[in-house]
Amino acid sequence: MPSADLFLQYIVAGMMLGALYTVMALGITFIYSIMKMINWSMGEFYMIGSYLQYIFVIYVLGVKYWYLGVLVSAVSVFILGCILEPVVIRPMFGGFVERRTEYATVVTIALMLALRSAAYVLGGPYQRNPQTNLPRLTLGELTIPGERAVAFAGAIIAIALFYGFLRFTWFGLALRAAAQNRVAIQTAGVNIRRLDQLAFGIGVALAGVAGALLAPVFLVYPTNGAITTMKGFEIIIIAGLGSIPGALLGGLILGLVEALCSVLLSPGFQHAYGFLLVLALLLVRPYGLFGEREREV
Amino acid sequence: MSYLDVHEVTAGYQPGIDVLQGLSLQAESGAFVAIIGPNGAGKSTLLRTIFGLLHPHRGRITLDGLDITMQSPHKIKQLGVGFIPQGINIAPHLTVEENLKLGAWTFRSNARLVRQRLDEIYTRFPVLAERRRVRATELSGGQARLLSIARELMSEPCLLLVDEPTAGLAPHLAEHIYELLSSIHQRSGSTIVLVDQHMEAAIAIADYVYLLALGQIKAHGPSETFTPTRVRELIQASLLGV
């Protein structure tokens, strides 16, 4: 039987990672809510966020200002998303595209391959580490690596800002409405193309934030977004596609399940526990905990 | 020149299939125009095309002399056009007040005006005032329809396009909606273009009537010329392709 300290340490670690996976899941489910499409290239925006963090910390800002790197990375990924959306995604909504889901799947997978290949060409297959100057955090008997604690805090701030934006701004109101009725938002006079662009930018920026925050933990390399993206999709299956409150709870559940199973069973199968949870949930509640019956942002 | 001029417009949802087939229609400023016709005539498609949700393949649409043929809905909205589509046009999980605020999108930077219009709407629709913090999904069908209309009134449109406002409503609620549309027309002087399956009721409140069938205008004229007998004959002739 593991000691109480070890048990607590795993739970805290699980919850911290769960919060970061939630940021990723929020990005995926947010884009889906507004644009009714799954962006399969989310992991690559995570990867870009992590590379930008590395570049800003190592070559521009220095280790001391790593937190500014997170902000600049997020803004940069947001701008990149806003630039790519009209080129790659928008044709889906124009003309007579009948199979929008298939279109979105094909173009975002193509985008994933293009961005990943670009990372290999520009940065090589090497793992890089954007260092931080953060000391270990001690809470009683519990010690937490500084970069993990800060990544968790950053995730909470990102989620809070995202929530505040949706809840208290005009564009947030328009985005929440667009998730429920795209015609109603157009008859209100909202430019739906700009709103889609904004939604895509915000969605991928959330992935970029996760990438930047987790860069010192999981390092920086061309395929580093794969695991986090997979976790994001696991959370969405647990929560139900399109539910943002569900994504928050789903991230917590996934993080706790992985942590508890790791300490009680074996840490070697950490990633498998999430999959087993997803499989079990698909058997009893295939639409997820909050799916379809309540879809809103 | 008419306030709204739809000139030989051809439009449809699929390539090669035109729902509107060279349709022309005019509405004078301050007029109340009813568009009637059998199912599949293209009535709703016409309103969607005027509002820019569907772009015509051919033809021209002008509003007060300005060409709006290929404009996006948000641009057309900025010109003072409101559109109440068929069914309930609200965001169900937003509160009543949030839905109404969306109607103020085009002047959202003017917080005082937004508040003033909200107060006006609440005075006019006390039932919405009572339920302002309630999610729209909790409203009854009639209340939700009122909210759809009230939301459009927030922007005080010069031209209001209304598609089947009473479809699926109980007769007494439908009557209330017609009274409401009539009072909007009288009070604000807006031009109203109403598409309705309830032909008698639509003709009764309109000044001018267009009868559509198979994407074309089959008859038009002052509403008093559309007697029940004539309407029946026109519809029969349209359905039989005469």
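Tutor: Let's begin with a term: a residue is buried if 20 or more other C-beta atoms lie within 10 Å of its own, exposed if 12 or fewer, and partly exposed in between, with C-beta atoms placed from the backbone. This is a predicted model, where local features need pLDDT of at least 70 and side-chain atom pairs count only at pLDDT 80 or more, while totals for chains, interfaces and linings use all residues. Residues are numbered from 1 along each chain as its sequence is written, and chains are lettered from A and ligands numbered from 1 in the order in which they are written.

Student: Why is B:Glu156 called partly exposed?

Tutor: B:Glu156 has 16 C-beta neighbours inside 10 Å. That count falls between the cut-offs, so B:Glu156 is partly exposed.

Student: And what makes the phi of B:Glu156 worth a look?

Tutor: Phi there is near 45°, a positive value in a residue other than glycine. Most residues other than glycine have a negative phi. You'll find B:Glu156 in the loop between α6 (141–153) and β7 (159–163) of chain B; helices (H or I, at least four residues) and strands (E, at least two) are DSSP runs, numbered from the N terminus.

Student: Where is B:Asp64?

Tutor: B:Asp64 sits in the loop between β4 (58–63) and β5 (66–67) of chain B. Its phi is positive, about 50°, although B:Asp64 is not a glycine.
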